[in-house]
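Biologist: Thanks for sitting down with me. Could we go through this model together, a few questions at a time?

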Amino acid sequence: MSNSKINFIPKIWFFDMEGTLLQKDFALDNGKVAPSAWTVLAKLISEECYLEEELSKDRWNAGEYDGYLDWMKDTIRIQQEHGIKKWHVDEIVKSAKLHTGAHELITLIKATNAKVVLISGGIKSLADKVQRELKIDHAFSACEYFFDDCGNLDFYNLLPTDNEGKASFMQQIAKEYGVSPSECAFVGDGKNDVTLAKSVGISVAFNAQKELESVASIVINQGEGREDLSKVAQIFQL
């Protein structure tokens, strides 16, 4: 764990969601991609859905998709074929838990008059919950589901908010506020956060995959079950 103190107060803070603001399921971390609600959702739908989604991760890592949106469309195809229902997504949102120290960290950040932004490659209803609970200024997420009155998936909306797309959304928000990316900070945990971490002034790898640790300004490793985001506040002397 890094114990350095940082004499830098960012004007905008960007956060990943799952594994960073939200607790992650370590049992699902097989190194393919950062553990996320996509995998938890697939497990909840059926074991067959989970196994097929795991194969889609292999195809993603092998570069077989045209881009993130193409991968997400295929993921939703898999979910539909295995019978996704509204209650599946509702259960994922209901069971999601914030990391210890999340409220404290965001409160201290906002006390500096900085903006807080969530950028996630995950599910919008989950991001909505986190945004409301933490009073986050802006939130961007990859997939919004639309269900009919019977709970069947009717349609969906996708945004490229992962990998390089995360950095693009960061740059747009920074431009809107007239802030240089060098005046911004990022906190995340996955290898899909590498581009964004390299695009801001200072980045924090929070109990992260090794690919993010290798490029981050600060590395925090606390161990499973001991994750506490207030450590970020201590390092930045908030």
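Modeller: Gladly! One definition before we start: a residue is called buried when its relative accessible area is under 20%, and exposed when that area is over 50%. Please keep in mind that this is a predicted model.

Biologist: With that cut-off in hand, which residues of α3 are buried?

Modeller: Helix α3 covers residues 68-81. What covers its buried residues includes α1 (37-45), α2, β4 (143-147) and β5 (153-158). The buried residues themselves are Y68, W71, M72, D74, T75, I76, I78 and Q79.

Biologist: And what distance separates the end C-alpha atoms of α3?

Modeller: Helix α3 has 14 residues, and at 1.5 Å a residue these should span 20 Å. The model agrees with that expectation, as the end C-alpha atoms are 20 Å apart.

Biologist: Are α2 and α3 roughly parallel or roughly antiparallel?

Modeller: Helix α2 (residues 47-61) packs on α3 at an angle of about 165°, with the axes 10 Å apart. An angle over 145 degrees falls in the antiparallel class. That makes the pair roughly antiparallel.

Biologist: How many residues of the contact of α2 with α3 are charged?

Modeller: On the α2 side the contact is made by C49, E52, E53, S56, K57, R59 and W60. From α3 come Y68, W71, D74, T75, R77, I78, Q79 and E81. These residues divide into 5 nonpolar and 3 polar, and the charged ones number 7.

Biologist: How many charged residues are in the contact of α1 with α3?

Modeller: Here W38, L41 and I45 in α1 meet Y68, M72, T75 and Q79 in α3. The contact divides into 5 nonpolar and 2 polar residues, and as for charged ones there are none.

Biologist: Which hand does each crossing have, left-handed or right-handed?

Modeller: Let's take the two pairs in turn. The crossing of α1 and α3 is left-handed. The crossing of α2 and α3 is right-handed.

Biologist: Let's move to F15: is that residue buried or exposed?

Modeller: F15 lies in strand β1 (residues 12-15). Leaving out residues up to four places away in sequence, F15 touches several others, including L21, L105, V117 and F186. With 0% relative accessibility, F15 counts as buried.

Biologist: Last one from me: what phi does Q237 have?

Modeller: Q237 is found in the segment after α10 (230-235). This residue is not a glycine, yet its phi is positive, at about 55°.

How values were computed:
Residues are numbered from 1 along each chain as its sequence is written. This is a predicted model: local features need pLDDT of at least 70, side-chain atom pairs count only at pLDDT 80 or more; totals for chains, interfaces and linings use all residues. Side-chain values use heavy atoms; hydrogens and water are left out. Axes are lines fitted to C-alpha atoms, for helices over the stretch in contact, and angles run from 0 to 180 degrees between N-to-C directions. Helices (H or I, at least four residues) and strands (E, at least two) are DSSP runs, numbered from the N terminus. Angles under 35 degrees count as roughly parallel, over 145 as roughly antiparallel, 65 to 115 as roughly perpendicular and the rest as oblique. A crossing is left-handed if the near helix is turned anticlockwise from the far one by less than a right angle, and right-handed if clockwise. Contact means heavy atoms within 4.5 Å. Ala, Val, Leu, Ile, Met, Phe, Trp, Tyr, Cys and Pro count as nonpolar, Asp, Glu, Lys and Arg as charged, and the others, Gly among them, as polar. Buried means under 20% relative accessible area, exposed over 50%, partly exposed in between (1.4 Å probe, protein chains only). The expected span of a helix is 1.5 Å times one less than its number of residues.
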